[in-house]
Amino acid sequence: MLYKITHTTRYEYDEPASLCHNIALLKPRNTPEQICNKVHVHITPEPDVVNEYEDFFGNRVFYFAIQQEHKHLDVTVTSHVENTSSATTQYPDRTWEETAQQLTGSTPANADLKQFVTETPMTTMDEETKKYALLSFTPGRSLVTACMDLTQRIFEEFLYSPGFSTIATPVKEIMKKKKGVCQDFAHLAIACVRSMGLAARYVSGYLETLPPEGEEKLVGADASHAWFSVFVPDTGWVDFDPTNNLMPGRQHITIGWGRDYADVTPLKGVILSGGNHTLTVSVDVQRL
């Protein structure tokens, strides 16, 4: 599957900004399931400083600074991605208890995984989270089956409600209100999986959406998406999408991953200015 993804971010400032520093994580990474053939970044005003690098998790990051007065900032990233994922993968019947026990060992491989077992400020764990997780992680159940059951329960029991939460809304509040958006559901699932002593990471990307039958797709109507991934011994990282109750396939495009949203924020930075600003984001995932 070939895709062209156009992601445009625009900031409008009430007062001119004399300086801004930004870090963007908007370039899809190469994985065993996808190849990013080319990426073009267009920034207005033209930045005075640009630097590209890979972060701690191997994500593709670019830093830029604008050292001239400006009243708006436009960042458009156009990517061409080939998705080669298959739905025919066979997973081992290893139980989740066996996997959790394996992760307690002091091995070089576990040293890297341990960072995905510990809670973060966005994936805090408490007794309620663990009780919720235990309904899926029953004794002797295979790890993949337990994660798929958790994915389905979140999909069925939580309401997708844009505007309800912010990225700072804690997992405890999502559990209480039983609603949120894809980032919230990913954080909730990660907290549940980690409460079982397992490794889970946050995945940021895009999802191709299709218009209702007989209607044309609106340009820019897509959005960034988020899901979670669990480490399965003898297989590697396996993805789950609780927002849509499925295991991500060819309609999911991965940008990057980390411990939570804070590790893969699409665009963040600081500006020297006064007053308020407005933010608009447009995403278009076009199948080629």
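Buried means under 20% relative accessible area, exposed means over 50%, and partly exposed lies in between (1.4 Å probe, protein chains only). The model is predicted: local features need pLDDT of at least 70, side-chain atom pairs count only at pLDDT 80 or more, and totals for chains, interfaces and linings use all residues. Residues are numbered from 1 along each chain as its sequence is written, and side-chain values use heavy atoms, with hydrogens and water left out.

Two residues other than glycine were examined for positive phi. Asp234 has a phi near 70°. Asp234 sits in the loop between strand 10 (224–232) and strand 11 (236–240). Helices (H or I, at least four residues) and strands (E, at least two) are DSSP runs, numbered from the N terminus. Asp234 is exposed, at a relative accessible area of 70%. Lys178 also shows a positive phi, of about 60°. Lys178 falls in the loop between helix 5 (171–177) and strand 8 (179–180). The relative accessible area of Lys178 is 32%, so this residue is partly exposed.

Strand 6 (residues 70–83) is mostly covered, with 10 of its 14 residues buried. Pairing of strands requires at least two DSSP bridges between them. Strand 6 pairs with strand 1 (residues 2–17) in the antiparallel sense, over 12 bridges. Within this pairing, Glu12 stands opposite His72 of strand 6.

A cis peptide bond links Thr44 to Pro45, with omega about 0°. Pro45 belongs to the loop between strand 3 and strand 4 (49–54).

Arg201 lies in strand 9 (residues 200–207). Arg201 is buried but has no salt bridge. A salt bridge is a side-chain nitrogen of Lys or Arg within 4 Å of a carboxyl oxygen of Asp or Glu. For charge, Lys and Arg count as positive and Asp and Glu as negative, while His and the chain ends are not counted. The nearest side chain of opposite charge to Arg201 is Asp239, 5.6 Å away. Contact means heavy atoms within 4.5 Å. Leaving aside neighbours within four places in sequence, the contacts of Arg201 include the aromatic residues Phe116, Trp227, Phe228, Trp237 and Trp257. Ile190, Arg194, Ser229 and Gly258 are also among the contacts of Arg201.
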